[in-house]
Amino acid sequence: MRRQRRHHGTTPRTARLFGSLLLVMAAGAFTLGAGPAPGTDAAPVPLDRVIPAPASVLAGGSPYRITEDTRIRVDGSPEARRVGAYLAEVLRPATGHPLPVTEHGRGGIRLRLADGPYGAEGYRLDSGRSGVTLTAAKPAGLFHGVQTLRQLLPAAVEKDTVQPGPWLVAGGTIEDTPRYGWRGAMLDVSRHFFSVDEVKRYIDQIALYKLNKLHLHLSDDQGWRIAVDSWPRLATHGGSTEVGGGPGGYYTKADYREIVRYAGSRHLEVVPEIDMPGHTNAALASYADLNCDGVAPPLYTGTAVGFSSLCVGKEITYDFVDDVVREIAALTPGRYLHIGGDEAHSTPHEDFVKFMDRVQPIVARYGKTVIGWHQLTGVDPAKGALAQYWGLDRTSGAEKEQVAEAARNGTGLVLSPADRAYLDMKYDKDTPLGLSWAGHVEVRRSYDWDPGAYLPGVPESAVRGVEAPLWTETLSESGELEYMAFPRLPGIAELGWSPAATHDWDDYRERLAAQAPRWDAMGVRYYRSPQVPWS
């Protein structure tokens, strides 16, 4: 059985309440952002004040007021009804209105699936005195449109108890489609283990900003976090501890399926990562045969990197990889499986090449597409593979050119530059959490770059999107994740969604400041950056 720990409730609303209670008990390391009482201003939120910035906004006309007579109207599709039920769940507690989801009636809030220039994730929002209509070609587009609608309502709509309102949606039209198809957040559950409920809480927070990938870092030196039936000691022994020597934990297959299901209900695709051939001490400690000398090392609870490696020359290594990939692929409906490949300092280059040449076809055999850290470009990436770039502005030109050459030859890139997108980097020298090996990353630095022009020599067409990794060497609770993710994560989300022409720091910082009352209402703990004009 997996180890149980840190339960934050079974619903997002309960999780928010528990997060608020944690604030009361906190010893002063963090502060909840202060601001005026949300929901007291009767003026509706302007259509262009949301994050990510919409592609097109045409404001005008009377606002729509949500009242006790409002209905959520859906077409006959089960997909639209599910999005409508989600919207009702979000709005009912604070408005106090019944908001029935129905296929009948007129006016109100209408969700419709229809052909149009929306792509897989785009939508159109029309608002006026008689109602609000969200139109999309696919359910994901309707869901993303709902996130925009949430942000157009007063921040108090996120509260768990009835608030006074009024609940006005500004009049006008938004037409919106994403710039990139990959807009991800990575959560490291290996350095510190996070429960299913904690992962769900993070899912709800990132979904608000239209992210569509949840990359789960499931294995590392400090912990193996998913049950594998054919190698049971990976979880029971390799998952038994974490950084600092705590009790660790792992996900049963049922746990993992529930995370995948919940993420899917928020239109997020789970991308599981099994890091290899390095970052594998938890596996090596669990099975002696995976070591070249046949001796299992002790479990590891430190934070150093680069010392471990699977034994590339032993055939059992590939039996192990085959079994692990097969079982995790069977649990994962998404397209991608991440095979790591970073910081394999203990693996000679020729062995690294041999290992990746053997492992990439295994991933394909089980119906998944390879994604790896950008060191994958040092071998021959499989056709269709993606490389996730995590280098720095100061990374050597030779390494950047290696990545660029792979991109020119057809390898797609997901950009996660550590000195821009790593959410675990300290904001400044006084930040009580996080690391600083990539430097200090304040909010402006995290936001103020263009993924399409970031790497020299990379054609813009090779950039598939962006991802914000959150490593957890120093993070062990949901509130600590939130403090490092907010306010930086919404900026990475905007870089991935919004047209490049909308990216403007001075405008963004004002829109970001306006998110604070919403985070307060949700019980999110965040960093009050001096670069942002908080109310």
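Helix 13 is mostly covered: eight of its eight residues are buried. This is a predicted model. The buried residues of helix 13 are Ser478, Gly479, Glu480, Leu481, Glu482, Tyr483, Met484 and Ala485. What do they pack against? Their partners are strand 10 (182-188), helix 4 (196-207), strand 17 and helix 14 (489-497).

Now step back along the chain to threonine 472. Its place is in the loop between strand 17 (463-470) and helix 13 (478-485). Is threonine 472 buried or exposed? Its relative accessible area is 0%, so threonine 472 is buried. Buried here means under 20% relative accessible area. Leaving aside residues up to four places away in sequence, threonine 472 touches Asp188, Arg191, His192, Phe194 and Leu481. One of these, Leu481, is also among the buried residues of helix 13.

Seven strands form an open sheet, and their order is 1-9-6-7-5-3-4. The pairing in this sheet is mixed. Strand 1 (56-59) and strand 4 (101-102) stand at the edges. Each has a single partner strand, so one side of each is left without a neighbour in the sheet. In general, strands of a sheet pair through backbone hydrogen bonds, either parallel or antiparallel.

Follow the pairs through the sheet. Strand 3 (residues 72-74) and strand 5 (residues 108-113) run parallel, joined by three bridges. Here arginine 73 stands opposite arginine 110 in strand 5. Strand 5 also runs parallel to strand 7, and six bridges join these two. In this pair, glycine 108 stands opposite glycine 131 in strand 7.

How does strand 6 run relative to strand 7, parallel or antiparallel? The two run antiparallel, and five bridges join them. Leucine 125 stands opposite leucine 134 in strand 7. Strand 6 and strand 7 form a hairpin, with two residues between them. Strand 7 is mostly covered, with five of its six residues buried.

Look at glycine 128, which is found in strand 6. Its relative accessibility is 18%, so glycine 128 counts as buried. Which residues does glycine 128 touch, not counting those up to four places away in sequence? They are Ser62, Pro63 and Tyr64. Glycine 128 and glycine 341 are 213 residues apart in sequence and 52 Å apart in space, C-alpha to C-alpha.

Return to the sheet and look for helix 3. Helix 3 (residues 139-152) lies across strand 5, strand 6 (123-128), strand 7 (131-136) and strand 9 (172-176). It runs at about 40° to strand 6. Helix 3 is mostly covered: 13 of its 14 residues are buried. At 1.5 Å a residue, the 14 residues of helix 3 should span 20 Å. The end C-alpha atoms of helix 3 are 20 Å apart, which agrees.

Glycine 264 lies in helix 6 (residues 253-265). Its relative accessible area is 37%, so glycine 264 is partly exposed. Glycine 264 and leucine 214 are 50 residues apart in sequence. In space, C-alpha to C-alpha, glycine 264 and leucine 214 are 9.9 Å apart.

Last, find the sulfur atoms. The structure holds one disulfide. A disulfide is a covalent bond between the sulfur atoms of two cysteines. Here the disulfide joins cysteine 292 to cysteine 311, with an S to S distance of 2.0 Å. Where do these cysteines lie? Both cysteine 292 and cysteine 311 are in the loop between helix 7 (281-286) and helix 8 (315-331). The pair therefore ties together parts that are 19 residues apart in sequence. The torsion about the S-S bond of cysteine 292 and cysteine 311 is about 105°, so the disulfide is right-handed.

Compare the two ends of this bond. Cysteine 292 has 61% relative accessibility, so it counts as exposed. Cysteine 311 has a relative accessible area of 5%, so cysteine 311 is buried.

Key: Residues are numbered from 1 along each chain as its sequence is written. This is a predicted model: local features need pLDDT of at least 70, side-chain atom pairs count only at pLDDT 80 or more; totals for chains, interfaces and linings use all residues. Side-chain values use heavy atoms; hydrogens and water are left out. Two strands pair if DSSP finds at least two bridges between them. Helices (H or I, at least four residues) and strands (E, at least two) are DSSP runs, numbered from the N terminus. Contact means heavy atoms within 4.5 Å. Axes are lines fitted to C-alpha atoms, for helices over the stretch in contact, and angles run from 0 to 180 degrees between N-to-C directions. Buried means under 20% relative accessible area, exposed over 50%, partly exposed in between (1.4 Å probe, protein chains only). The expected span of a helix is 1.5 Å times one less than its number of residues. A disulfide is a pair of cysteine sulfur atoms within 2.5 Å.
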